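Morning, everyone. Let me put the structure up, and then I'll walk through a few features.

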Amino acid sequence: MDGEKALEYALKCPRCGRVYSGFRVMCECGTPLTVEFHVEGSFEDLIQNNYLDVRRYLRLLPVEDKYTPRIMYPITPIIERKISGHVVLFKLDYLMPSGSFKDRGTFLALSALKREGIRNIVIDSSGNAGISFALYGSTEGLEVHVYIPENTPEGKKSILKLLGARIHLVKGDRNETHRVARESSLGVYVGHWYNPFFLEGIKTLSFEVYEQVGDIDSFIAPVGSGTLLLGTYKGFCMLRDLGALERMPTMIAVQAHGYESVCPKSSKMSSLADGIAIKNPPRRDEIKAAISRTGGTCVSVSDYDIKSALAELMSMGFLVEPTSAVAYAGFKKLVRDEALEEKSKVLVPLTGSGMKLLDKLIRVLREKK
Ligand SMILES: [Zn+2]
């Protein structure tokens, strides 16, 4: 690397316009903040070609080299399949070090925490984000307090223990877990529903996709808190502004029955998609805006849809968790409804590994038979 870049960014409230610096996740008015960060030059000039991991994109992110976490994550592969006349591009983010796409957000959040010298952190999670923070935090000597719902799959709890996280089980659902974590005095709250740095870190997914396959027609994401959809949307916007991407993909949100924060509500409740069982995501307005600005849409899927998609993904060799099957279930539904243009080039991220919750996976797939 040739010298340190001077890092200039601001944390801005999209609602009232207040501006902050340092590490902070929320505005005084209660709104999640966003990182305002601009780079000069072209995408091709800014990438560091000598790296095939996250370091390739460091100059496109609000991060300084001296604060990058010790654990690097790789560029994840894409597997292309022709399905129902469309080109489906599966992005294997479950192959990340901690087994989920969350590592992208954690990496950048950790660098911001290192810059501020913060040692004790608090996060609420359905499992994956907690595991990711616990893994990256453990190598930085951070004390990581993870608040999870009591009914979190045993496999995820075991990994958190293994990584030395301080686990706090919360009686109640994901929203109650969030409430309890926010009131914790054990460390700085870094929850990914709010954390603007986490969102910024997700942008690398878009950068990778652009380099791997160029323009795509649609990006189909499971949406709970919306960090994946919003982070990739920001990444695609940046690529467009840098003159790399020719057209924005339509952003399509897929939600599970009963947890439709942006889709029309259904009367049933999903019990499978624990990773996106979030009723009131704080960035709901931003999610809606990203969908409408790109001409996207939202679909809601049932547990039956998720199970079938999961079994089909396994038959293609993708050992993912049920929540990860939500995006593919959404794709299948869009095909049934003839809602996709002919021969669409569609990106379906596979977000979380099934290896972390084999107990649940075996149960779900046995039930199907
Ligand atoms: Zn504000």
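**Charges, rings, zinc and cores**

Start with R182: its charged end sits over the ring of Y194, 5.2 Å from the ring centre. R182 also lies over the face of Y189, at 5.5 Å from the centre of that ring. By a charge over a ring I mean NZ of Lys or CZ of Arg within 6 Å of the ring centre and within 35 degrees of the ring normal.

Some ground rules. This is a predicted model: local features need pLDDT of at least 70, side-chain atom pairs count only at pLDDT 80 or more, and totals for chains, interfaces and linings use all residues. Residues are numbered from 1 along each chain as its sequence is written, and side-chain values use heavy atoms, with hydrogens and water left out.

Now the zinc ion. What coordinates the zinc ion? The SG atoms of C13, C16, C27 and C29 do, at 2.2 to 2.3 Å. Donors here are N, O and S atoms within 2.8 Å of the metal (3.2 Å for Na, K and Ca); water is not among the atoms, so sites may look incomplete. Along the chain, the spacing reads C-x2-C-x10-C-x1-C. Is C13 buried or exposed? C13 counts as buried, because its relative accessibility is 2%. C16 is partly exposed, at 39% relative accessible area. The cut-offs: buried is under 20%, exposed is over 50%, partly exposed is in between (1.4 Å probe, protein chains only).

On to the aromatics. The whole structure holds twelve aromatic pairs. Rings of Phe, Tyr and Trp (its six-membered ring) pair if their centres lie within 6.5 Å; planes under 30 degrees apart are stacked, over 60 edge-to-face, the rest tilted. F43 and F207 make a tilted pair, 5.9 Å centre to centre, with 55 degrees between the planes. F43 lies in helix α1 (43–46) and F207 in helix α7 (203–213), so the pair ties together parts 164 residues apart in sequence. Helices are DSSP runs (H or I, at least four residues), as are strands (E, at least two), numbered from the N terminus. Both F43 and F207 are buried. With Y57 and Y210, they form one aromatic cluster.

Last, the core. The largest nonpolar core has 90 residues, and F43, L60, F133 and F219 touch the most other members. Helix α8 (227–241) gives the most to this core: eight residues. A nonpolar core is a set of buried Ala, Val, Leu, Ile, Met, Phe, Trp, Tyr and Cys residues joined through side-chain atoms within 4.5 Å.
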